[in-house]
Amino acid sequence: MDGFVFHVLFPLLIALAVWAGLALVRRTRERRAAWESGLTAQARVVDAYQRVQMVNDVARRIQWHEYEFTDAGGRAVQFKETGGPASRVAGDSTLVYYAAEEPERATASEPSPGKDMAGLVFGLGVFGVGAVILLNVTIEYW
């Protein structure tokens with residue numbers, strides 16, 4: 001059983017931490033590009049729903065919204081995003097920010113680059129420390 005934990009499980013957890021860190025960096029860059037592009041559009045909320053995720057027997061509700069807007073080129077674009085106010089329901093109208101190169105990577109959240117960067121640093125710190133601890137334990141075992 002020890003062999004499974006240290007040869008399979010821990011390397012998978014390290015890979016998961018690296019993947020999560022990269023995903024966090026990618027989404028932060030997409031949001032920043034959308035905010036800095038200067039392009040905005042009025043979007044319609046197509047759907048709003050919550051997903052429940054159980055963490056240590058505690059229910060955590062995650063708000064999802066699906067938006068639809070027309071970009072500057074006249075193309076209809078749809079995207080989904082977590083977060084946003086729970087009071088935002090299907091049929092509502094809101095402002096979205098998008099980059100011309102990737103309008104499907106838009107965001108409906110208000111620009112907050114400082115808060116976004118703080119979240120990125122904290123997230124990378126957690127994932128990085130977790131990966132380093134797992135790596136050290138794995139190396140000591142081998």
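Mentor: Arg32, at 27% relative accessibility, counts as partly exposed, and in this predicted model its side chain meets that of Glu36 in a salt bridge, with an N to O distance of 3.8 Å. Glu36, for its part, counts as exposed because its relative accessibility is 59%, and the cut-off for that class is over 50%. Both residues belong to helix H1, which spans residues 2-37, and they are four residues apart, about one turn of the helix.

A second pair, Glu68 and Arg44, is joined by a salt bridge at 3.0 Å, N to O. Here the partners come from two strands, Glu68 from E2 (residues 58-70) and Arg44 from E1 (residues 39-55), so the pair ties together parts that are 24 residues apart in sequence. Glu68 is partly exposed at 27% relative accessibility, and Arg44 is likewise partly exposed, at 41%.

A further salt bridge is formed by the side chains of Arg75 and Asp71, again given from N to O, at 3.8 Å. Its two ends fall into separate accessibility classes: Arg75 is partly exposed, with a relative accessible area of 44%, whereas Asp71 is buried, since its relative accessible area of 13% is under the 20% limit.

Beyond these pairs there is also a network of salt bridges, which links Arg26, Arg27, Glu30, Arg31, Glu81, Arg105 and Asp116. A search of the whole structure finds 10 salt bridges, among them the Glu36 to Arg32 pair with which I began.

The residue I would set against these is Glu66, which is found in strand E2 and is buried yet has no salt bridge. The nearest side chain of opposite charge belongs to Lys80, and it is 4.4 Å away; that pair does not count as a salt bridge because the criterion asks for a side-chain nitrogen within 4 Å of a carboxyl oxygen.

Conventions. Residues are numbered from 1 along each chain as its sequence is written. This is a predicted model: local features need pLDDT of at least 70, side-chain atom pairs count only at pLDDT 80 or more; totals for chains, interfaces and linings use all residues. Side-chain values use heavy atoms; hydrogens and water are left out. Buried means under 20% relative accessible area, exposed over 50%, partly exposed in between (1.4 Å probe, protein chains only). Lys and Arg count as positive and Asp and Glu as negative; His and the chain ends are not counted.
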